[in-house]
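Here's a quick briefing for anyone opening this structure for the first time. Have a look at it below, then read on.

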Amino acid sequence: MVAAESWLDRAAALALHGPAHGPNPRVGCVIVGADGAVLGEGWHRGAGTPHAEPAALADAARRGHDVAGATAYVSLEPCAHTGRTGPCTDALTAARIGAVRYGVADPNPQAAGGGEVLRGRGIDASLAPHAGCADVNRRWLGSVALGRPWVIAKWAQTLDGRTAAADGTSFWITGDEARDHAHHVRTQVDAILVGTGTVRTDDPLLTARPAGVPDPHQPLRAVMGLTDTPGARIWEDGTALRLATRDPREALDALAAREVRTVVVEGGGTVTTAFLRAGLVDEVHAYIAPALLGAGTRAVGDLGIGTMSDALRGQDVTATHLGADTLVTAFFTRGHQ
Ligand code: AOF
Ligand code: ZN
């Protein structure tokens with residue numbers, strides 16, 4: 001008998017097939033028979049589509065397996081609510097599943113409580129805390145816990161922390177690979193936010209074009225600030241959102257109202273600094289080019305920090321070589337697991 005841990009590893013791996021963007025978490029489910037055989041597997045493909053458990057039950061049915069008495073390993077606690085689809089607790093009960101192990105409790109009050117519902121029906125359901133299952137939904141879990149979109153602050157800088165030269169030029173600090181990576185990140189989030197200053201100086205499109213090809217998922221593009229930017233390319237197709245505020249909290253509220261769970265703040269420095277000052281940055285992506293300018297625009301402005309012990313320090317740091325450049329990522333909000 002393989003330990004629950006390994007089957008939950010499998011559930012977490014299945015979850016990763018789902019989209020990282022969208023209002024729902026990524027969830028995977030594997031149904032295992034008493035003899036340790038996999039009877040069915042499934043994952044959630046995004047809001048409005050079946051949850052992982054019904055997907056795994058359908059897979060077992062397709063394969064001609066009876067799941068009565070089998071164990072379902074799910075990366076997230078089965079939901080007990082009727083949302084865009086029916087309760088997974090009912091689907092598992094109807095299929096006469098014998099036991100359920102889930103790696104993370106569902107923090108969403110609308111859907112939570114499935115474990116207790118199943119136990120009340122005599123099914124051996126329990127939480128088996130699993131770091132891999134939590135990692136899959138780190139941003140989603142953070143967003144639910146914080147009650148606002150998860151904020152990734154992204155910028156490209158020189159080795160000495162400059163995002164533009166003294167004359168304002170900023171194209172291009174980093175090379176193709178780093179820029180392509182940033183496009184890939186855009187495919188995994190719900191929204192991109194910039195300030196009016198960036199629209200004026202860079203006139204960006206802010207679309208997701210990994211490998212130069214427009215992605216099927218295009219994040220919502222939002223511009224915050226009080227300055228008008230008529231004629232900018234971002235307004236051309238009429239889909240970008242104008243947020244007439246300089247307050248990061250207000251901007252996040254407006255995005256949350258549109259079911260945004262993850263947003264990349266792509267500057268400029270004024271907006272990034274405002275988010276940092278407000279304690280509203282959960283993750284930083286700094287693309288660092290081996291270039292020196294000595295003068296020019298700083299990636300981050302004054303944060304009101306006067307002494308080393310007050311520095312904001314990230315955790316779970318990664319460093320990825322992208323051509324001549326390096327992407328450093330770090331989390332600034334503790335995992336809400
Ligand atoms: C599960 N299995 O595969 C997922 C769950 O209104 P809905 O139908 O879109 O439900 C979304 C909520 O259900 C979501 O916020 C989360 O709490 C839970 N997601 N639950 O049992 C799944 N994706
Ligand atoms: Zn469900």
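**Aromatic pairs and a ligand**

There are three aromatic pairs here, counting rings of Phe, Tyr and Trp (its six-membered ring) whose centres lie within 6.5 Å. Keep in mind that this is a predicted model, where local features need pLDDT of at least 70, side-chain atom pairs count only at pLDDT 80 or more, and totals for chains, interfaces and linings use all residues. Residues are numbered from 1 along each chain as its sequence is written, chains are lettered from A and ligands numbered from 1 in the order in which they are written, and side-chain values use heavy atoms, with hydrogens and water left out.

**One ring pair**
- Trp-150 and Phe-331 have ring centres 6.1 Å apart and planes at 55°, so they make a tilted pair (under 30 degrees would be stacked, over 60 edge-to-face).
- This pair ties together distant parts of the chain, 181 residues apart: Trp-150 belongs to strand 6 (residues 150-158) and Phe-331 to strand 15 (residues 325-331) (strands are DSSP runs of E, at least two residues).

**Around ligand 1**

**Polar contacts of ligand 1**
- A side-chain N or O atom of Asp-106 is 2.6 Å from an oxygen atom of ligand 1, a polar contact (N or O atoms within 3.5 Å).
- Asn-24 brings a polar side-chain atom to 2.9 Å from a ligand 1 oxygen.
- Arg-84 uses a polar backbone atom instead, 2.9 Å from an oxygen of ligand 1.

Definitions and conventions
Polar contact = N/O pair within 3.5 Å; in protein donor to acceptor, adjacent residues only side chain to side chain. Helix = DSSP H or I, 4+ residues; strand = E, 2+ residues; numbered from the N terminus.
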